[in-house]
Amino acid sequence: MFTVPSRAASVAIIPLLLSNGMLTAQKPPARIVAPVQGWTSTPTLEPYDSALASRLSVPQGFHVTVFADHLGSPRMMAVRSDGTVFVTRPDSNDVLALHEERDGRPATVRKVVTNLRHVHGIALHAGRIYLATVKEVYAGDLRTDGSVADLRAIITDLPDGGQHPNRTVAVGPDLMLYITVGSDCNQCIESDEEHATILRARLDGTERGVFARGLRNTLGIDWNPETHELWGMDNGADGKGDAVPPEELNLLQASADYGWPFCYANQKPDVTFSSEPPGSTREEHCARTVAPKLTYQAHSAPIGFVFYRSKQFPGDYRNDAFVTLRGSWNRHMPTGYKVVRIHFENGRPTQFEDFLTGFLTDGGQRYSARPAGIAVAADGSLLVSDDTNGVIYRIGYGMPGAPSAR
């Protein structure tokens with residue numbers, strides 16, 4: 001088990017650079033924050049029941065089982081080729097390694113990293129593990145037994161957390177490290193150019209720059225296996241009513257601005273925000289931003305995002321995407337609390353479709369899970385973490401326990 005010291009060794013401050021289409025930082029304007037108004041409505045959490053999986057709804061031919069339970073607050077996951085599932089627990093400041101038993105017994109669980117305050121993002125690449133906390137990114141070696149060695153901070157100066165402290169990390173086809181940084185407010189003009197962005201850096205943490213901006217809180221990101229383009233879903237602002245602004249599915253491109261805090265949906269100016277963009281009108285600014293490819297019900301709270309690359313599911317699922325919707329707290333009728341599928345045709349999204357439902361019950365008055373992380377297991381099944389009741393669910397296709405294609 002790797003224990004991180006209470007304070008990592010110092011690392012040189014990394015300036016923003018202009019390279020490979022990335023944006024440079026500019027002197028920010030004075031910070032102006034928009035007031036939040038709106039409805040608050042949170043369903044009642046039902047305690048975990050081991051029989052819950054059998055009551056959930058999935059498309060015909062699929063089944064839901066419990067991969068692991070009593071995990072506390074599991075969030076983001078990454079799967080190694082040998083089937084080991086690594087999961088971060090920000091509330092416990094640690095990382096777990098779950099090894100599935102082939103005889104049907106529950107997965108074995110052990111801590112492989114501890115004392116990593118609010119660790120959230122995780123990525124595996126070339127025998128290395130990358131972990132993101134609020135202000136740091138760490139990298140270390142993965143041993144065969146799942147333990148972590150020589151874990152060191154490669155970035156130590158990410159922006160403060162504010163309203164959105166959860167960071168995610170991913171390694172792209174370009175062998176660069178991508179780091180999501182949400183806004184530190186609901187709606188404001190940020191004083192730090194790295195807030196509300198996706199950052200890109202080398203795998204050693206150097207040459208960091210802003211890859212894309214105007215993203216209030218994009219957490220799950222992944223690359224389309226066919227086109228190698230980067231996609232993700234952004235969380236819209238709170239306090240503007242039940243249907244505004246919608247959650248956005250974005251094709252994420254270098255140097256693009258996706259509009260927050262001045263615009264939403266199809267480059268629509270947000271008239272509820274009193275501030276104008278520096279140097280232009282709201283309408284002029286929004287016309288220069290990039291519109292989402294699809295939108296979804298406001299306040300659904302997308303978290304995890306993954307493309308399906310495996311072969312266990314029927315062929316028409318391959319290269320589609322799955323998104324966890326953690327669920328609303330700020331609309332009259334709760335929404336989310338489920339997993340949705342995004343259909344892609346010729347590399348472009350066409351529609352959303354419910355995939356895993358049943359966590360929200362009693363007319364929206366009760367819930368039994370808030371889906372957070374999502375990953376494709378080594379056998380091609382889909383893993384979904386619930387950070388409220390401490391469960392990881394597995395969605396498989398065909399007869400439970402039957403051999404699966406990899």
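Trainee: How do β14 and strand β15 pair, parallel or antiparallel?
Mentor: Antiparallel, over four bridges, with β15 covering residues 209–213. Strands here are DSSP runs of E, at least two residues long, numbered from the N terminus. Two of them pair if DSSP finds at least two bridges between them.

Trainee: Before I go on, what kind of model is this?
Mentor: A predicted one: local features need pLDDT of at least 70, side-chain atom pairs count only at pLDDT 80 or more, and totals for chains, interfaces and linings use all residues. Residues are numbered from 1 along each chain as its sequence is written, and side-chain values use heavy atoms, with hydrogens and water left out.

Trainee: Back to β15. Which residue there is the bridge partner of R200?
Mentor: G209.

Trainee: Which strand do five bridges join to β14?
Mentor: Strand β13, residues 177–181, and that pair runs antiparallel. L177 stands opposite A201 of β14.

Trainee: Is β14 itself mostly covered or open?
Mentor: Mostly covered. Five of its five residues, 197–201, are buried. Buried means under 20% relative accessible area (1.4 Å probe, protein chains only).

Trainee: Which way do its residues point?
Mentor: T197, L199 and A201 point one way from β14, I198 and R200 the other way, and all are buried.

Trainee: New topic. What is the order of the open sheet of three strands?
Mentor: β2-β27-β26, with mixed pairing. β2 (44–45) and β26 (360–361) are the edge strands, each pairing on one side only.

Trainee: How many bridges join β2 to β27?
Mentor: Two, and these strands run parallel. L45 stands opposite Y367 in β27.

Note on methods. Buried means under 20% relative accessible area, exposed over 50%, partly exposed in between (1.4 Å probe, protein chains only).
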